[in-house]
Amino acid sequence: MKTFFRLVALVKPYLWWMALAAFIGFATTGSGIGLLMTSAYIIAKAALQPPMVALQVGIAGVRFFGLARGAFRYAERLISHNITFKILAKLRLWFYDAIEPLAPARLMHFKSGDLLQRVVDDIQSLENIYTRVLGPPLTALLVTALMWFLLGSYSVSAAMIILCFHTLAGIGVPILTMQLSRGISVGIMKHKAEEQVLALDLIQGIGELQLYGNLPAHLAAMQSAETGKLQLQRKNAVIEGLHESLTGLLMNGAVITILWTLIPSISSGATANGIALSVITLAVMASFEPFLPLPSTIKHIEADQHAGERLFEILDAKPETIAPANPIPFPSEHAIQVKRLSFTYPGSTAKALDSLSFSVLPGEHIAIVGPSGAGKSTITALFMRFWNSREGCINIGGHNITLFDPEELRRNIALVSQKTYLFAETIRENLTLAAPGATDDDLKKALTAAGLSHFASKLDEWCGQHGMKLSGGERQRIAIARILLQRAPIMILDEATANLDGITEKEVTETLTAISAGKTLITITHRLKAMEKYHRIFVLEKGKIVEQGVHSELMAGNGLYRRMWELQHMTELG
Ligand code: ADP
């Protein structure tokens, strides 16, 4: 229930609007009751052939309640939909704000399909918190009070009877439905999540699935998730049918019981007359309308609770990086010092970095090389503060990077990694990501400098899903154009050309060399190409620097660097 109250707390700013919508919902049902009561009154009275004037009040009542019912229904829908969309917008923004600082460290354990399900479907299901969970019980309660008041002023026994039947419809049937449908909504959500994960894997990995003949097995797994979901949805439909029938049964039961109780007193002329009896009968029938959605309220509580738990599971995670309360401005002098930096990934026992120390002067170009798994990319992750080290530190301009606002730090370090992600947007939007205020002229200049002058006239061309309409080399060049726009004084190239073919790699490397002139450059690579141009090279193995120097010095030694170089160049020659 704690999760449920946390969810209610989120929609707290709209509670008054919700109360208003519930009250208007009550006025709608009240008008429906009034309409049936006045109609019954006119029909029953007309049967006695009274003068026309005796029916005037009834006729006015029918007109009033008929019009009021439509107007109230419209107002209630308007307000409740307005609240629902406001809540949805608030929940989405709230979730995005909360999830952003968690990436990537806290999100790496989640499958992308599962995350997508949480962001889209779970939040969508929470939109019902007002329309299906909080509103209907309130309306039903108000209608119960109205009927108690209307019937109580006429016959206490009739009021007691309707109260009993309303209690059964408002509490008994929902509890029964809850027992029968326990786990169904959550089960449907789980199957949907499973389907989504499999569907995303299918879309992203269809090539591999076809290649290794796993497509039929993957489709069978999707089919099984779909079958499981359909079975539960069928069960759900049967239970929904049952609760509607039970509410209808209770409504008829209430009518019959009241008739059975009141007819003898009418026959004896003691309390009631026939006209009043017909009025009461129809009022009782109309009063059950707000009880129909109550069983689904219970199901939605269960579904919302589950959706809330899934969302809070992510949101309760403490971000890896928290901005300091009083960040210091990024310095204009950017000498870098890495001091005894160690890092172990959570859940791992081996150190990815082990007491690493090195420094980079402003404008210096260094390379960090080493075999796969040596810890090179971990250095990038620590520089960008995707992760934080608890041992040692990274200083820029003499200040520990934890003292800067992480966003400002990332604005000042331009990163090109192995794989550039392009959004399914236009070239323009993919570039302005790095510089939101950039003019078309800036974008064209950056594209030309990045070797993509032919794209300068195609700023509004769509890049395709994941930039599929561009070649690997072009995608990396877009990343180069981005860092040109970013104008950061420090550049980190993390295996930036590793995925490119030899000729493209050479061309892109030349462009990168040209744009890094005058900037501090850290190149991270396992491929020893054009190493002569670096002022210093650090050789990393198992998280430790095992060698350092310029290319000729390292080649003169008989260490890892030389072995790597010979192996790579022999392979290339062979
Ligand atoms: P490199 O970039 O040199 O190939 P990495 O920095 O990626 O090496 O990895 C260094 C070590 O840390 C490796 O042993 C790797 O398995 C481990 N590692 C990398 N990322 C993670 C992670 N997210 N969780 C756990 N271990 C990781």
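Author: Strand S1 (residues 336-343) runs antiparallel to strand S2 (residues 353-360), and five bridges join them. Strands here are DSSP runs of E with at least two residues, helices are runs of H or I with at least four, and both are numbered from the N terminus. Two strands count as paired if DSSP finds at least two bridges between them. The model is predicted: local features need pLDDT of at least 70 and side-chain atom pairs pLDDT 80 or more, while totals for chains, interfaces and linings use all residues. Residues are numbered from 1 along each chain as its sequence is written, and side-chain values use heavy atoms, without hydrogens and water.

Reader: What is the order of the open sheet of six strands?

Author: The order is S6-S7-S8-S3-S9-S10, with mixed pairing. Strand S6 (413-416) and strand S10 (544-549) are the edges; each has a single partner strand, so one side of each lacks a neighbour in the sheet. On average, neighbouring strands of this sheet are turned by 20° against each other, direction ignored. Such angles run from 0 to 180 degrees between N-to-C directions, with axes fitted to C-alpha atoms, for helices over the stretch in contact. Within the sheet, strand S7 (residues 490-494) and strand S8 (residues 520-525) pair in parallel over five bridges, with Met491 opposite Leu521 in S8.

Reader: Which strands does helix H15 (residues 472-486) lie across?

Author: H15 lies across S6 and S7, at about 175° to S6. Helix H11 (residues 376-383) lies across strand S3 (365-369), S6, S7, S8 and strand S9 (536-541), at about 140° to S8.

Reader: How is the packing of helix H7 (residues 184-211) and helix H10 (residues 294-315) read?

Author: Two packed helices are described by the angle between their axes and the distance between the axes. For H7 and H10, the axes come within 8 Å and cross at roughly 45°. The two are therefore oblique to each other; under 35 degrees counts as roughly parallel, over 145 as roughly antiparallel, 65 to 115 as roughly perpendicular, and the rest as oblique. Their crossing is right-handed, meaning that the near helix is turned clockwise from the far one by less than a right angle (anticlockwise is left-handed). Residues in contact (heavy atoms within 4.5 Å) include Ile184 and Met189 in H7 and Lys299 and His306 in H10.
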